[in-house]
Amino acid sequence: MTYHPKSDFMRIMITRGFLADCTDYQALDEALIAGVVPAYIGFDATASSLHVGSLIQIMMLRWLQKSGHKPIVLMGGGTTKVGDPSFRADERPLLTPDQIDANIAGIKQVFTSYVTFGDGPTDAIMVNNAEWLDHLNYLDFLRDIGRHFSVNRMLAFESVKSRLDREQSLSFLEFNYMILQAYDFLELNRRYGCLLQMGGSDQWGNIVNGIDLTRRVLDHQIYGLTSPLLTTSDGKKMGKSQDGAVWLNADMRSPYEFWQFWRNTTDADVGRFLKLYTELPIEDCDRLGALDGAEINEAKIVLANAVTTLAHGAEAAATAEATAREVFEKGGVGDDLPTLLLTIEEVGSGISIVQLIVRSGLAGSGKDAKRLIAEGGARMNDEALSDAGLLLDAAALAAPVKLSAGKKRHALVILQG
(Lines give C-alpha, C1' and ligand atoms only; values in the text may rest on other atoms or scores of the structure.)
Protein backbone atom coordinates (compact mmCIF):
# COMPACT_ATOMS: atom_id res chain seq x y z
CA MET A 1 0.00 0.00 0.00
CA THR A 2 1.81 3.12 -1.22
CA TYR A 3 -1.13 5.54 -0.98
CA HIS A 4 -0.81 7.98 1.94
CA PRO A 5 -4.32 8.94 3.10
CA LYS A 6 -5.34 12.37 4.31
CA SER A 7 -8.61 11.35 6.02
CA ASP A 8 -8.70 9.82 9.51
CA PHE A 9 -10.87 6.93 8.40
CA MET A 10 -8.63 5.78 5.54
CA ARG A 11 -5.54 6.18 7.74
CA ILE A 12 -7.15 3.96 10.41
CA MET A 13 -8.21 1.37 7.83
CA ILE A 14 -4.69 1.13 6.42
CA THR A 15 -2.59 1.34 9.60
CA ARG A 16 -4.72 -1.08 11.63
CA GLY A 17 -4.93 -3.73 8.86
CA PHE A 18 -8.58 -3.39 7.82
CA LEU A 19 -7.97 -2.65 4.14
CA ALA A 20 -7.75 -5.34 1.46
CA ASP A 21 -8.82 -3.30 -1.58
CA CYS A 22 -10.59 -0.11 -2.62
CA THR A 23 -12.17 0.93 -5.92
CA ASP A 24 -10.62 4.44 -5.88
CA TYR A 25 -8.37 5.29 -2.91
CA GLN A 26 -7.82 8.94 -3.75
CA ALA A 27 -11.39 9.86 -4.69
CA LEU A 28 -12.79 8.15 -1.59
CA ASP A 29 -10.18 9.81 0.61
CA GLU A 30 -11.14 13.22 -0.80
CA ALA A 31 -14.85 12.52 -0.24
CA LEU A 32 -14.08 11.62 3.39
CA ILE A 33 -12.29 14.95 3.84
CA ALA A 34 -15.02 16.95 2.08
CA GLY A 35 -17.89 16.01 4.41
CA VAL A 36 -19.88 13.28 6.15
CA VAL A 37 -19.78 10.04 4.15
CA PRO A 38 -22.67 7.61 4.75
CA ALA A 39 -21.35 4.06 4.36
CA TYR A 40 -22.99 0.66 4.71
CA ILE A 41 -22.27 -2.97 5.36
CA GLY A 42 -24.90 -5.64 4.82
CA PHE A 43 -25.59 -8.45 7.26
CA ASP A 44 -27.86 -11.31 6.27
CA ALA A 45 -30.17 -12.64 8.97
CA THR A 46 -29.28 -16.34 8.77
CA ALA A 47 -28.94 -16.71 12.59
CA SER A 48 -30.17 -14.82 15.64
CA SER A 49 -26.68 -13.49 16.38
CA LEU A 50 -23.57 -12.56 14.43
CA HIS A 51 -20.32 -14.26 15.42
CA VAL A 52 -16.79 -12.94 15.70
CA GLY A 53 -16.24 -13.55 11.99
CA SER A 54 -18.41 -10.42 11.48
CA LEU A 55 -16.59 -8.39 14.10
CA ILE A 56 -14.06 -6.93 11.69
CA GLN A 57 -16.96 -5.38 9.72
CA ILE A 58 -18.65 -4.13 12.91
CA MET A 59 -15.37 -2.50 13.99
CA MET A 60 -15.12 -0.82 10.57
CA LEU A 61 -18.53 0.78 11.15
CA ARG A 62 -17.44 1.83 14.64
CA TRP A 63 -14.26 3.50 13.32
CA LEU A 64 -16.30 5.13 10.55
CA GLN A 65 -18.52 6.81 13.13
CA LYS A 66 -15.62 7.71 15.42
CA SER A 67 -13.93 9.48 12.50
CA GLY A 68 -17.00 11.64 11.81
CA HIS A 69 -19.05 9.66 9.28
CA LYS A 70 -22.44 7.90 9.19
CA PRO A 71 -22.76 4.11 9.51
CA ILE A 72 -25.68 2.39 7.81
CA VAL A 73 -26.31 -1.13 9.13
CA LEU A 74 -28.22 -2.92 6.38
CA MET A 75 -30.15 -5.94 7.57
CA GLY A 76 -30.81 -8.37 4.74
CA GLY A 77 -34.43 -9.16 5.52
CA GLY A 78 -35.05 -9.42 1.79
CA THR A 79 -31.79 -10.97 0.55
CA THR A 80 -31.83 -13.61 3.30
CA LYS A 81 -34.85 -15.06 1.49
CA VAL A 82 -32.52 -15.76 -1.44
CA GLY A 83 -29.15 -16.61 0.15
CA ASP A 84 -25.66 -15.40 -0.70
CA PRO A 85 -23.84 -18.02 -2.82
CA SER A 86 -20.42 -16.39 -2.36
CA PHE A 87 -17.77 -19.09 -1.96
CA ARG A 88 -20.26 -21.66 -0.70
CA ALA A 89 -20.28 -25.24 -1.90
CA ASP A 90 -24.03 -25.57 -1.56
CA GLU A 91 -27.26 -23.61 -1.38
CA ARG A 92 -28.30 -22.07 1.94
CA PRO A 93 -31.45 -23.46 3.57
CA LEU A 94 -34.34 -21.04 3.06
CA LEU A 95 -35.84 -19.35 6.11
CA THR A 96 -39.43 -18.23 6.69
CA PRO A 97 -40.21 -14.49 7.09
CA ASP A 98 -40.92 -15.05 10.81
CA GLN A 99 -37.54 -16.75 11.30
CA ILE A 100 -35.81 -13.88 9.50
CA ASP A 101 -37.58 -11.23 11.63
CA ALA A 102 -36.62 -13.09 14.82
CA ASN A 103 -33.00 -13.27 13.66
CA ILE A 104 -32.91 -9.53 12.89
CA ALA A 105 -34.23 -8.76 16.39
CA GLY A 106 -31.39 -10.84 17.86
CA ILE A 107 -28.72 -9.26 15.67
CA LYS A 108 -29.87 -5.72 16.54
CA GLN A 109 -28.76 -6.28 20.14
CA VAL A 110 -25.07 -6.43 19.30
CA PHE A 111 -24.81 -3.20 17.32
CA THR A 112 -25.83 -0.92 20.18
CA SER A 113 -22.54 -1.82 21.89
CA TYR A 114 -20.48 -0.62 18.93
CA VAL A 115 -22.26 2.32 17.26
CA THR A 116 -24.59 5.10 18.39
CA PHE A 117 -27.99 5.17 16.70
CA GLY A 118 -30.06 8.31 16.26
CA ASP A 119 -31.16 11.09 13.91
CA GLY A 120 -27.97 13.17 13.85
CA PRO A 121 -25.73 13.56 10.79
CA THR A 122 -23.22 10.96 12.02
CA ASP A 123 -25.67 8.80 13.99
CA ALA A 124 -25.99 5.24 12.76
CA ILE A 125 -29.20 3.95 11.20
CA MET A 126 -30.40 0.40 10.74
CA VAL A 127 -32.26 -0.35 7.53
CA ASN A 128 -33.93 -3.55 6.27
CA ASN A 129 -33.67 -4.21 2.53
CA ALA A 130 -37.05 -5.96 2.65
CA GLU A 131 -38.42 -2.38 2.54
CA TRP A 132 -37.69 -2.20 -1.18
CA LEU A 133 -37.04 -5.80 -2.23
CA ASP A 134 -40.35 -7.22 -0.94
CA HIS A 135 -42.39 -4.97 -3.23
CA LEU A 136 -40.46 -5.17 -6.48
CA ASN A 137 -42.45 -5.70 -9.66
CA TYR A 138 -40.60 -8.45 -11.49
CA LEU A 139 -41.19 -7.15 -15.03
CA ASP A 140 -40.28 -3.59 -14.08
CA PHE A 141 -37.16 -4.85 -12.30
CA LEU A 142 -36.07 -6.87 -15.34
CA ARG A 143 -36.60 -3.92 -17.66
CA ASP A 144 -35.12 -1.18 -15.45
CA ILE A 145 -32.35 -3.05 -13.60
CA GLY A 146 -31.73 -6.45 -15.20
CA ARG A 147 -30.76 -4.95 -18.56
CA HIS A 148 -27.64 -3.41 -16.99
CA PHE A 149 -26.13 -6.79 -16.04
CA SER A 150 -23.96 -8.91 -18.32
CA VAL A 151 -24.27 -12.63 -17.64
CA ASN A 152 -20.82 -13.11 -19.20
CA ARG A 153 -19.35 -10.74 -16.60
CA MET A 154 -21.30 -12.29 -13.72
CA LEU A 155 -20.02 -15.76 -14.64
CA ALA A 156 -16.46 -14.44 -14.39
CA PHE A 157 -16.79 -13.39 -10.74
CA GLU A 158 -14.80 -15.70 -8.50
CA SER A 159 -17.76 -16.42 -6.16
CA VAL A 160 -19.74 -17.87 -9.08
CA LYS A 161 -16.80 -19.27 -11.03
CA SER A 162 -15.59 -21.35 -8.08
CA ARG A 163 -18.97 -23.12 -7.91
CA LEU A 164 -19.14 -23.74 -11.66
CA ASP A 165 -15.52 -24.94 -11.84
CA ARG A 166 -16.37 -27.62 -9.28
CA GLU A 167 -19.49 -28.48 -11.31
CA GLN A 168 -21.69 -27.67 -8.30
CA SER A 169 -25.23 -26.53 -8.85
CA LEU A 170 -25.89 -22.78 -8.78
CA SER A 171 -29.59 -22.04 -8.83
CA PHE A 172 -31.16 -19.11 -10.68
CA LEU A 173 -32.42 -17.95 -7.27
CA GLU A 174 -28.85 -17.63 -5.97
CA PHE A 175 -27.59 -16.14 -9.22
CA ASN A 176 -30.00 -13.27 -8.62
CA TYR A 177 -28.37 -12.49 -5.28
CA MET A 178 -25.63 -10.34 -6.76
CA ILE A 179 -28.22 -8.31 -8.70
CA LEU A 180 -30.22 -7.73 -5.52
CA GLN A 181 -27.12 -6.67 -3.58
CA ALA A 182 -26.17 -4.26 -6.35
CA TYR A 183 -29.71 -2.88 -6.21
CA ASP A 184 -29.33 -2.39 -2.43
CA PHE A 185 -26.38 -0.04 -3.03
CA LEU A 186 -28.41 1.88 -5.64
CA GLU A 187 -31.37 2.24 -3.25
CA LEU A 188 -29.20 3.28 -0.30
CA ASN A 189 -27.56 5.90 -2.47
CA ARG A 190 -30.93 7.16 -3.68
CA ARG A 191 -32.59 7.16 -0.22
CA TYR A 192 -29.72 8.06 2.13
CA GLY A 193 -26.95 9.46 -0.05
CA CYS A 194 -24.82 6.39 0.75
CA LEU A 195 -21.40 6.78 -0.91
CA LEU A 196 -19.54 3.70 0.26
CA GLN A 197 -20.13 -0.03 0.63
CA MET A 198 -17.75 -2.06 2.77
CA GLY A 199 -17.48 -5.80 3.22
CA GLY A 200 -15.17 -8.79 3.23
CA SER A 201 -13.00 -9.34 0.17
CA ASP A 202 -15.36 -12.14 -0.95
CA GLN A 203 -17.93 -9.36 -1.62
CA TRP A 204 -15.72 -7.48 -4.11
CA GLY A 205 -17.69 -8.60 -7.18
CA ASN A 206 -21.05 -7.72 -5.60
CA ILE A 207 -19.74 -4.29 -4.53
CA VAL A 208 -18.37 -3.50 -7.99
CA ASN A 209 -21.72 -4.49 -9.50
CA GLY A 210 -23.50 -2.00 -7.23
CA ILE A 211 -21.11 0.80 -8.13
CA ASP A 212 -21.54 0.10 -11.84
CA LEU A 213 -25.35 -0.10 -11.57
CA THR A 214 -25.59 3.18 -9.64
CA ARG A 215 -23.40 4.92 -12.19
CA ARG A 216 -25.54 3.65 -15.05
CA VAL A 217 -28.95 4.41 -13.46
CA LEU A 218 -28.27 7.55 -11.40
CA ASP A 219 -24.95 8.75 -12.83
CA HIS A 220 -23.57 8.97 -9.27
CA GLN A 221 -20.01 8.14 -8.25
CA ILE A 222 -19.83 5.79 -5.28
CA TYR A 223 -17.08 3.63 -3.79
CA GLY A 224 -16.22 0.19 -2.46
CA LEU A 225 -13.77 -0.91 0.22
CA THR A 226 -13.05 -4.47 1.33
CA SER A 227 -11.37 -6.04 4.34
CA PRO A 228 -9.22 -9.18 4.26
CA LEU A 229 -10.91 -12.52 4.93
CA LEU A 230 -9.32 -13.40 8.24
CA THR A 231 -7.90 -16.71 9.24
CA THR A 232 -5.86 -17.33 12.36
CA SER A 233 -2.12 -17.92 11.96
CA ASP A 234 -2.73 -21.68 12.19
CA GLY A 235 -5.13 -21.50 9.23
CA LYS A 236 -8.46 -21.71 11.06
CA LYS A 237 -11.43 -19.62 9.96
CA MET A 238 -12.02 -16.65 12.25
CA GLY A 239 -15.17 -17.01 14.32
CA LYS A 240 -14.99 -20.71 15.11
CA SER A 241 -13.72 -22.51 18.19
CA GLN A 242 -13.53 -26.21 18.90
CA ASP A 243 -17.05 -26.12 20.32
CA GLY A 244 -18.69 -24.12 17.53
CA ALA A 245 -19.29 -20.52 16.50
CA VAL A 246 -18.21 -17.73 18.85
CA TRP A 247 -21.44 -15.73 18.94
CA LEU A 248 -21.54 -12.05 19.93
CA ASN A 249 -24.87 -12.21 21.80
CA ALA A 250 -24.47 -13.04 25.50
CA ASP A 251 -27.44 -15.44 25.46
CA MET A 252 -25.69 -17.60 22.84
CA ARG A 253 -22.10 -17.40 24.09
CA SER A 254 -21.48 -16.35 27.69
CA PRO A 255 -19.18 -13.36 28.29
CA TYR A 256 -16.80 -15.73 30.11
CA GLU A 257 -16.55 -18.07 27.10
CA PHE A 258 -16.22 -15.05 24.80
CA TRP A 259 -13.40 -13.69 26.97
CA GLN A 260 -11.75 -17.12 27.01
CA PHE A 261 -11.81 -17.33 23.20
CA TRP A 262 -9.69 -14.16 22.97
CA ARG A 263 -7.47 -15.20 25.89
CA ASN A 264 -6.60 -18.33 23.91
CA THR A 265 -5.44 -16.40 20.84
CA THR A 266 -2.33 -17.89 19.22
CA ASP A 267 0.82 -15.93 20.13
CA ALA A 268 1.45 -14.90 16.51
CA ASP A 269 -2.02 -13.30 16.19
CA VAL A 270 -2.01 -11.09 19.30
CA GLY A 271 -0.61 -7.90 17.75
CA ARG A 272 -2.79 -8.15 14.65
CA PHE A 273 -5.95 -8.84 16.67
CA LEU A 274 -5.26 -5.93 19.04
CA LYS A 275 -5.18 -3.61 16.01
CA LEU A 276 -8.35 -5.01 14.47
CA TYR A 277 -10.56 -5.71 17.47
CA THR A 278 -9.58 -3.08 20.05
CA GLU A 279 -9.00 0.66 20.10
CA LEU A 280 -5.60 0.52 21.75
CA PRO A 281 -3.03 2.83 20.09
CA ILE A 282 -1.00 1.19 17.31
CA GLU A 283 2.26 1.48 19.26
CA ASP A 284 0.72 -0.39 22.22
CA CYS A 285 -0.58 -3.12 19.88
CA ASP A 286 2.90 -3.53 18.37
CA ARG A 287 4.59 -3.57 21.79
CA LEU A 288 2.16 -6.12 23.26
CA GLY A 289 2.25 -8.28 20.14
CA ALA A 290 6.06 -8.45 20.28
CA LEU A 291 6.14 -9.95 23.79
CA ASP A 292 7.01 -13.61 24.21
CA GLY A 293 7.18 -16.30 26.85
CA ALA A 294 4.93 -15.76 29.87
CA GLU A 295 4.57 -12.04 29.03
CA ILE A 296 2.52 -12.73 25.89
CA ASN A 297 -0.16 -14.25 28.15
CA GLU A 298 -0.63 -10.89 29.84
CA ALA A 299 -0.98 -9.33 26.36
CA LYS A 300 -3.70 -11.89 25.62
CA ILE A 301 -5.52 -10.82 28.79
CA VAL A 302 -5.32 -7.18 27.62
CA LEU A 303 -6.82 -8.33 24.28
CA ALA A 304 -9.57 -10.40 25.94
CA ASN A 305 -10.50 -7.58 28.32
CA ALA A 306 -10.61 -4.93 25.59
CA VAL A 307 -12.71 -6.99 23.16
CA THR A 308 -15.08 -8.23 25.88
CA THR A 309 -15.51 -4.68 27.23
CA LEU A 310 -16.65 -3.50 23.78
CA ALA A 311 -19.04 -6.42 23.31
CA HIS A 312 -20.41 -6.95 26.83
CA GLY A 313 -19.22 -4.08 29.03
CA ALA A 314 -16.34 -3.51 31.45
CA GLU A 315 -18.03 -5.35 34.34
CA ALA A 316 -18.46 -8.55 32.29
CA ALA A 317 -14.81 -8.37 31.21
CA ALA A 318 -13.58 -7.91 34.78
CA THR A 319 -15.75 -10.80 36.03
CA ALA A 320 -14.48 -13.06 33.25
CA GLU A 321 -10.84 -12.24 34.06
CA ALA A 322 -11.42 -12.87 37.77
CA THR A 323 -13.10 -16.21 37.02
CA ALA A 324 -10.26 -17.23 34.72
CA ARG A 325 -7.57 -16.33 37.25
CA GLU A 326 -9.41 -18.33 39.93
CA VAL A 327 -9.56 -21.36 37.62
CA PHE A 328 -5.92 -21.09 36.54
CA GLU A 329 -4.80 -20.78 40.16
CA LYS A 330 -6.43 -24.19 40.76
CA GLY A 331 -3.63 -25.93 38.90
CA GLY A 332 -2.29 -23.45 36.36
CA VAL A 333 -4.05 -24.44 33.14
CA GLY A 334 -2.66 -22.20 30.39
CA ASP A 335 -4.06 -23.96 27.35
CA ASP A 336 -7.46 -23.65 25.67
CA LEU A 337 -10.06 -24.61 28.25
CA PRO A 338 -13.32 -26.04 26.86
CA THR A 339 -16.28 -24.89 28.94
CA LEU A 340 -19.50 -26.71 29.81
CA LEU A 341 -22.30 -24.34 30.85
CA LEU A 342 -25.03 -25.81 33.04
CA THR A 343 -28.41 -24.42 34.04
CA ILE A 344 -29.97 -24.81 37.50
CA GLU A 345 -32.64 -27.02 35.88
CA GLU A 346 -30.02 -29.38 34.45
CA VAL A 347 -28.32 -29.77 37.81
CA GLY A 348 -31.55 -30.32 39.74
CA SER A 349 -30.90 -32.22 42.96
CA GLY A 350 -27.55 -33.37 41.59
CA ILE A 351 -25.71 -34.22 38.38
CA SER A 352 -23.32 -37.17 38.14
CA ILE A 353 -19.59 -36.69 37.76
CA VAL A 354 -19.65 -39.31 34.99
CA GLN A 355 -22.15 -37.22 33.01
CA LEU A 356 -20.03 -34.08 33.49
CA ILE A 357 -16.88 -35.82 32.26
CA VAL A 358 -18.70 -37.03 29.13
CA ARG A 359 -20.51 -33.75 28.42
CA SER A 360 -17.32 -31.71 28.83
CA GLY A 361 -15.65 -33.84 26.14
CA LEU A 362 -13.10 -35.57 28.38
CA ALA A 363 -14.56 -39.03 27.72
CA GLY A 364 -16.46 -40.48 24.80
CA SER A 365 -19.02 -42.41 26.85
CA GLY A 366 -20.14 -43.14 30.40
CA LYS A 367 -18.20 -46.40 30.25
CA ASP A 368 -15.01 -44.52 29.29
CA ALA A 369 -15.57 -41.99 32.09
CA LYS A 370 -15.99 -44.73 34.70
CA ARG A 371 -12.82 -46.47 33.45
CA LEU A 372 -10.95 -43.14 33.65
CA ILE A 373 -12.04 -42.73 37.28
CA ALA A 374 -11.24 -46.38 38.15
CA GLU A 375 -7.71 -46.05 36.69
CA GLY A 376 -7.03 -42.85 38.66
CA GLY A 377 -6.86 -40.63 35.57
CA ALA A 378 -9.74 -38.29 36.46
CA ARG A 379 -9.41 -35.26 38.73
CA MET A 380 -11.71 -32.50 39.96
CA ASN A 381 -10.04 -29.24 40.94
CA ASP A 382 -6.73 -31.15 40.77
CA GLU A 383 -7.80 -33.77 43.32
CA ALA A 384 -8.12 -37.40 42.21
CA LEU A 385 -11.64 -38.75 41.70
CA SER A 386 -12.34 -42.22 43.03
CA ASP A 387 -16.16 -42.37 43.27
CA ALA A 388 -17.93 -42.83 39.90
CA GLY A 389 -21.24 -42.39 41.71
CA LEU A 390 -20.46 -38.85 42.91
CA LEU A 391 -23.27 -36.32 42.43
CA LEU A 392 -22.66 -32.55 42.36
CA ASP A 393 -25.45 -30.21 43.41
CA ALA A 394 -25.80 -26.45 42.82
CA ALA A 395 -23.80 -25.65 45.97
CA ALA A 396 -20.86 -27.77 44.76
CA LEU A 397 -20.97 -25.93 41.44
CA ALA A 398 -21.27 -22.43 42.94
CA ALA A 399 -17.67 -21.77 41.86
CA PRO A 400 -16.30 -22.97 38.50
CA VAL A 401 -15.16 -26.60 38.64
CA LYS A 402 -12.11 -27.80 36.72
CA LEU A 403 -12.19 -31.38 35.45
CA SER A 404 -9.06 -33.14 34.18
CA ALA A 405 -8.36 -36.32 32.27
CA GLY A 406 -4.69 -37.13 32.62
CA LYS A 407 -2.18 -34.27 32.84
CA LYS A 408 -2.97 -32.36 29.66
CA ARG A 409 -6.72 -32.50 29.05
CA HIS A 410 -8.92 -30.14 31.05
CA ALA A 411 -12.40 -28.65 30.98
CA LEU A 412 -14.31 -26.10 32.98
CA VAL A 413 -17.84 -26.57 34.32
CA ILE A 414 -19.76 -23.37 35.11
CA LEU A 415 -23.24 -23.07 36.57
CA GLN A 416 -25.06 -20.16 34.90
CA GLY A 417 -27.06 -17.68 36.93
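Visitor: Let's start with helix α13, residues 270-277. How many of its residues are buried?

Guide: In α13, 7 of the 8 residues are buried, so to speak mostly covered. Before going on: this is a predicted model, where local features need pLDDT of at least 70, side-chain atom pairs count only at pLDDT 80 or more, and totals for chains, interfaces and linings use all residues. Residues are numbered from 1 along each chain as its sequence is written, and side-chain values use heavy atoms, with hydrogens and water left out.

Visitor: Fine. What do "helix" and "buried" mean here?

Guide: Helices are DSSP runs of H or I with at least four residues, strands are runs of E with at least two, and both are numbered from the N terminus. Buried means under 20% relative accessible area, exposed over 50%, and partly exposed in between, with a 1.4 Å probe and protein chains only.

Visitor: Which residues of α13 are buried?

Guide: V270, G271, F273, L274, K275, L276 and Y277.

Visitor: Which residues do ring pairs link into a cluster?

Guide: F258, F261, W262, F273 and Y277.

Visitor: How many aromatic pairs does the rule give?

Guide: The count comes to 8. One of them is F141 with Y183, edge-to-face at 5.2 Å centre to centre and 90° between the planes. That pair links distant parts of the chain, with F141 in helix α6 (residues 138-144) and Y183 in helix α10 (residues 177-192), 42 residues apart. F141 and Y183 are both buried.

Visitor: While we're in α10, what about D184? Buried or exposed?

Guide: D184, also placed in α10, is buried yet has no salt bridge. The nearest side chain of opposite charge is R191, 8.8 Å away. A salt bridge would need a side-chain nitrogen of Lys or Arg within 4 Å of a carboxyl oxygen of Asp or Glu. For charge, Lys and Arg count as positive and Asp and Glu as negative, while His and the chain ends are not counted.

Visitor: What is D184 in contact with, then?

Guide: Leaving aside neighbours within four places in sequence, D184 contacts Y40, L74, T79, N129, W132 and L133.

Visitor: Over to α19, residues 366-374. Which residues there are buried?

Guide: A369, L372 and I373 are buried in α19. They cover an arc of only 95° around the axis, which puts them on the same side of α19. That arc is taken from the directions from the helix axis to the C-beta atoms.

Visitor: What's on the face turned away?

Guide: The exposed residues K367 and A374. The buried residues of α19 pack against α18 (353-359), β11 (378-380) and β14 (401-405). Just after α19, G376 takes a positive phi of about 80°.

Visitor: Now the sheet. In what order do the strands come?

Guide: The open sheet has 5 strands in the order β9-β15-β14-β11-β12, with mixed pairing. Two strands pair if DSSP finds at least two bridges between them. The edge strands, each pairing on one side only, are β9 (339-342) and β12 (383-384).

Visitor: Which way do the pairs run, parallel or antiparallel?

Guide: β9 and β15 are parallel over 4 bridges, with T339 opposite L412 in β15. β14 and β15 are antiparallel, joined by 5 bridges, and there L403 stands opposite A411. β11 and β14 also run antiparallel, with 3 bridges; R379 has S404 in β14 as its bridge partner.

Visitor: What sits between β14 and β15?

Guide: They form a hairpin with 3 residues between them, and G406 in the turn has a positive phi of about 70°.

Note on methods:
Contact = heavy atoms within 4.5 Å. Phe/Tyr/Trp six-rings, centres within 6.5 Å; stacked < 30°, edge-to-face > 60°.
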